[in-house]
Amino acid sequence: MQIPEWTKPALMGAAVGAIALAVVGFNWSGWVTGASASEMSGKQSMAAVAAALTPYCVQNSESDPKSVEILAEIESASTYQRRGIVEKAGWATPLGAEKPDRALAESCQIALTNDN
């Protein structure tokens, strides 16, 4: 069986078009792989949980008898140490959790320093 002469340019055009479509799609049209989509959804869900639990953390800080001392420590600490202070105080530990949530502690310390 003999392949027609026109098939080689047609197949080359189709291949170049597919490559061009993939480059444009992934670079400018917002296409992502399944792994990237999963990573983005994981980050968004963690941020949403932290945002939803921030009032809980602020309420924990208000009901803590040592809150005045801890808030003064937060105010005097550097930006990098503030999250650790909130975690150590236990304000960012959700009910049923064994350890504090990092994103919640960050969100909580921002809320606490903005309120004051």
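The model is a predicted one. Helix H3 spans residues 67-76 and helix H4 spans residues 79-89, and their axes come within 9 Å of each other. Helix H2 covers residues 34-63, and helix H5 covers residues 102-115.

**Packing of H3 against H4**

- Two packed helices are described by the angle between their axes and by the distance between those axes.
- For H3 and H4, the axes cross at roughly 160° and come within 9 Å. Because angles over 145 degrees count as roughly antiparallel, H3 is roughly antiparallel to H4.
- The crossing in which H3 passes H4 is right-handed.
- From H3, the residues that make the contact are Ile 70, Glu 73, Ile 74 and Glu 75; from H4, they are Arg 82, Ile 85, Val 86, Lys 88 and Ala 89.
- Sorted by class, this contact holds five nonpolar residues and four charged residues, with no polar residues.

**The two sides of H3**

- Ser 67, Ile 70 and Ile 74 are the buried residues of H3. Viewed down the helix axis, the buried residues of H3 fall within an arc of 70°, so they line one face of the helix.
- An α-helix has 3.6 residues a turn, so residues three or four places apart point the same way.
- The other side of H3 carries the exposed residues Val 68, Glu 69 and Ser 76.
- Ile 70 and Ile 74 are buried in H3, and both take part in the contact with H4.

**The two sides of H4**

- Arg 82, Arg 83, Ile 85 and Val 86 are buried in H4. These residues cover an arc of only 160° around the axis, which puts them on the same side of H4.
- Tyr 80 and Lys 88 are exposed on the other side of H4.
- Lys 88 is exposed, and it is also among the H4 residues in contact with H3.

- Glu 87 lies in helix H4 and is partly exposed, with a relative accessible area of 22%.
- Apart from neighbours within four places in sequence, Glu 87 is in contact with Pro 100, Asp 101, Arg 102 and Ala 105.
- Gln 109 is 22 residues from Glu 87 in sequence, and the two C-alpha atoms are 9.5 Å apart in space.

**Residues of H5**

- Ala 105 is placed in helix H5 and is buried, with a relative accessible area of 0%.
- Leaving out neighbours within four places in sequence, the contacts of Ala 105 are with Arg 83, Val 86, Glu 87 and Ala 92. Of these residues, Arg 83 and Val 86 are buried in H4.
- Ala 105 and Trp 6 are 99 residues apart in sequence, and their C-alpha atoms are 65 Å apart in space.
- Ala 103 also has its place in H5; this residue is partly exposed, with a relative accessible area of 28%.
- When residues up to four places away in sequence are not counted, Ala 103 touches Met 46 and Ala 50.
- Although Ala 103 and Met 46 are 57 residues apart along the chain, their C-alpha atoms are separated by 7.2 Å.

**Residues of H2**

- Ser 61 has its place in helix H2 and counts as buried, at 2% relative accessibility.
- Setting aside neighbours within four places in sequence, Ser 61 is in contact with Ser 67, Trp 91 and Leu 112. Ser 67 is itself one of the buried residues of H3.
- Gly 34 is likewise in H2; this residue is exposed, with a relative accessible area of 57%.
- Gly 34 and Lys 8 are 26 residues apart in sequence, and the distance between their C-alpha atoms is 33 Å.

Note on methods:
Residues are numbered from 1 along each chain as its sequence is written. This is a predicted model: local features need pLDDT of at least 70, side-chain atom pairs count only at pLDDT 80 or more; totals for chains, interfaces and linings use all residues. Side-chain values use heavy atoms; hydrogens and water are left out. Axes are lines fitted to C-alpha atoms, for helices over the stretch in contact, and angles run from 0 to 180 degrees between N-to-C directions. Helices (H or I, at least four residues) and strands (E, at least two) are DSSP runs, numbered from the N terminus. Angles under 35 degrees count as roughly parallel, over 145 as roughly antiparallel, 65 to 115 as roughly perpendicular and the rest as oblique. A crossing is left-handed if the near helix is turned anticlockwise from the far one by less than a right angle, and right-handed if clockwise. Contact means heavy atoms within 4.5 Å. Ala, Val, Leu, Ile, Met, Phe, Trp, Tyr, Cys and Pro count as nonpolar, Asp, Glu, Lys and Arg as charged, and the others, Gly among them, as polar. Buried means under 20% relative accessible area, exposed over 50%, partly exposed in between (1.4 Å probe, protein chains only). The arc is that of the directions from the helix axis to the C-beta atoms.
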